[in-house]
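I opened my notebook to go through this structure step by step. My entries follow in the order I made them.

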Amino acid sequence: MIRVQYFARLRELTGKGQETLDRDQLTVQQLLDWAEETYPGFGKDDIQVAVNEEYALPEDIIRSGDECAFIPPVSGG
């Protein structure tokens with residue numbers, strides 16, 4: 001099981017703050033692809049992913065028990 005957290009506009013888009021995926025492992029890119037397929041308009045090309053509170057690269061492996069966070073771009077003024 002992989003726990004996924006959503007923040008800011010992604011929380012609004014998905015309608016939830018977190019969910020659990022029944023997967024043993026996948027790459028960060030596979031997770032982003034899954035999110036885009038599951039939630040059209042997710043914007044996977046602009047999203048950063050943190051795995052266990054550290055920014056991850058697309059080729060990094062996520063394993064069962066890991067916690068992931070989707071972090072959308074931050075805008076400010």
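**Entries on the sheet and its loops**

I began with the pairing of β4 and β5. Strand β4 covers residues 48–51, and it pairs with β5 in the antiparallel sense over two bridges. I looked for a facing pair here and found Val51 opposite Glu54 of β5. I note that the model is a predicted one.

Next I checked the link between these strands. Asn52 lies in the loop between β4 and β5. I looked up its backbone angle: Asn52 has a positive phi of about 50 degrees, although it is not a glycine.

Strands β4 and β7 are antiparallel and are joined by four bridges. Ala50 has Ala69 in β7 as its bridge partner.

From β7 I moved on to β1. Strand β7 holds residues 67–71, and four bridges join β1 to it. In which sense do β1 and β7 run? I recorded them as parallel. Val4 stands opposite Cys68 in β7.

I followed β1 to β2. These strands run antiparallel, again with four bridges between them. Arg3 has Thr20 in β2 as its bridge partner. I also looked at the two faces of β2. Glu19 and Leu21 form the covered face. Gln18 and Thr20 form the uncovered one.

With the pairs noted, I wrote down the whole sheet. What is the order of its strands? I read β2-β1-β7-β4-β5, an open sheet of five strands with mixed pairing. I marked β2 (18–21) and β5 (54–55) as the edges. Each has a single partner strand, so one side of each is left without a neighbour in the sheet.

Ala8 sits in the loop between β1 (2–6) and α1 (9–14). Phi of Ala8 is near 50 degrees, a positive value in a residue other than glycine. Ala8 is exposed, because its relative accessible area is 52% and the exposed class begins over 50%.

**The protein as a whole**

How many helices and strands does the protein have? I counted two helices and seven strands. Along the sequence they follow the pattern β-α-β-β-α-β-β-β-β.

I checked the overall size next. The C-alpha atoms fill a box of roughly 40 × 20 × 20 Å along the principal axes. A compact globule of 77 residues would have a radius of gyration near 11 Å, and the protein has 12 Å, which agrees.

I looked at burial and surface. Of the 77 residues, 36% count as buried. The accessible surface comes to about 4800 Å². Carbon and sulfur atoms hold 45% of that surface.

I also looked up contacts between residues at least 6 apart in sequence. Of these, 53% join residues at least 24 apart.

My last entry is on charge. The protein has 7 positive and 15 negative side chains. How far apart do the centres of the two sets lie? I noted 5 Å.

Note on methods:
Residues numbered from 1 in each chain as written. Predicted model: local features only at pLDDT ≥ 70, side-chain atom pairs only at ≥ 80, totals over all residues. Heavy atoms only, no water. Rg over C-alpha atoms; globule rule 2.2 N^0.38 Å. Buried < 20%, exposed > 50% of the residue type's maximum accessible area, 1.4 Å probe, protein only. Contact = heavy atoms within 4.5 Å. Areas by Shrake-Rupley, 256 points an atom, 1.4 Å probe, with all protein chains shown as cover. Lys, Arg positive; Asp, Glu negative; His and termini not counted. Charge placed at Lys NZ, Arg CZ, Asp CG, Glu CD. Pairing = 2+ DSSP bridges.
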